Amino acid sequence: MSFGLLAALAAALLTGSATVLQAVGARRASARLPPGGAAALAGAFRQWPFLVGVGMDMLGFGAELLALDRLPLYEVEAVLASALAVTAVGAARVLKVRLRRSEWAGVAAVCAGLCVLAVSAGRDGPGRGSTALRLGVLLASLLLIGAGWAVVRFTDHRRAPLLGLVAGLQFGVVGVAVRVLPDPRLPDLLAEPSAYAIALAGLGGFAALTWAMQTGSVTAATAAMVLGETLGPAVIGVLLLGDRTRHDLTPLAVLGFAAAVLGALTLARFGDAEQPAGARPAG
């Protein structure tokens with residue numbers, strides 16, 4: 001197993017575990033404050049499960065950076081989608097949540113899909129992204145911040161899945177921006193649009209996902225996030241950055257990618273991490 005794949009799996013393990021903790025902290029904060037605003041976001045940071053989840057997410061992002069330097073975008077994003085399988089298995093063992101047969105099938109599909117991807121995926125392509133692409137990811141991060149604000153401001157119904165989709169698209173922008181980022185050396189980095197895209201999209205995605213957890217079904221938000229985070233970067237990697245499969249195994253790679261993502265979607269409910277009935281939020 002390559003170092004890049006190990007790094008991607010470590011990122012999935014960390015972010016999958018962080019999802020449960022952040023959902024618990026966000027729900028505790030929303031019990032005291034109106035969801036979907038700066039106060040609710042700040043309130044989440046006063047909950048220790050949320051803070052631990054944030055720390056795990058930061059470690060997971062570091063592992064993702066290592067993976068993106070060595071693997072095609074489509075492989076990294078599919079592995080990150082498997083974080084939901086980590087969350088499901090963890091919920092089954094730690095939170096005593098019972099997995100149904102369809103959900104065990106989802107775990108199996110994720111694992112099988114990742115195995116197929118490991119066999120069929122090549123190295124990341126030689127393309128590092130044109131100036132237009134690097135400016136494009138910055139523009140996309142700004143537009144998505146505006147989209148997240150509009151969802152919070154003007155939408156009452158289906159707010160959670162819409163915010164989850166915005167968060168996923170932002171995290172996808174982060175993946176693309178990291179991939180096209182030139183050598184991170186000052187002072188050149190200060191003039192690099194993809195560097196600003198990483199910061200803006202990361203913060204925007206984090207805020208959108210937190211608000212999604214506070215305003216509706218985390219299951220719906222997590223499923224939408226997986227779709228937004230995986231599909232866009234995979235297409236950009238193949239079409240614009242030269243990502244390829246090993247020995248022309250494209251159909252096998254497509255099958256593995258689809259199995260991993262669809263398996264993850266069947267497990268989206270494990271983002272909810274609901275507290276037991278009658279439990280009171282802790283301070």
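The end C-alpha atoms of residues 133-155 lie 31 Å apart, and this span is 96% helix and 0% strand, where helices (H or I, at least four residues) and strands (E, at least two) are DSSP runs numbered from the N terminus. This is a predicted model, in which local features need pLDDT of at least 70 and side-chain atom pairs count only at pLDDT 80 or more, while totals for chains, interfaces and linings use all residues. Residues are numbered from 1 along each chain as its sequence is written, and side-chain values use heavy atoms, with hydrogens and water left out.

The span 133-155 is one of those that UniProt, in an unreviewed entry, lists as "transmembrane region", among them also 104-121 and 162-182; such annotations may be inferred rather than shown by experiment. For residues 104-121, the end C-alpha atoms are 25 Å apart, and the span is 94% helix and 0% strand.

Helix α6 (residues 101-120) and helix α11 (residues 250-265) have axes that come within 7 Å and cross at roughly 155 degrees, the axes being lines fitted to C-alpha atoms over the stretch in contact and the angles running from 0 to 180 degrees between N-to-C directions. α6 and α11 are therefore roughly antiparallel to each other, a term for angles over 145 degrees. Another pair, α8 and α9, packs at an angle of about 160 degrees with axes 8 Å apart, so α8 and α9 are likewise roughly antiparallel. The contact of α8 with α9 has 19 nonpolar, seven polar and one charged residues, where Ala, Val, Leu, Ile, Met, Phe, Trp, Tyr, Cys and Pro count as nonpolar, Asp, Glu, Lys and Arg as charged, and the others, Gly among them, as polar.

Both α8 (159-180) and α9 (193-215) also give two or more residues to the lining of the largest pocket, and α9 gives the most, with eight. About 770 Å³ of space lies in this pocket, a pocket being an open set of points on a 1 Å grid where a 1.4 Å probe fits, with protein on both sides within 12 Å along at least five of seven lines, and lining residues having an atom within 4 Å of a point. The volume is the space filled by probe spheres set on the points. Of the 30 lining residues, the closest to the pocket's centre are Thr 15, Asp 57, Phe 61, Phe 171 and Phe 206.

Technical notes
Angles under 35 degrees count as roughly parallel, over 145 as roughly antiparallel, 65 to 115 as roughly perpendicular and the rest as oblique.
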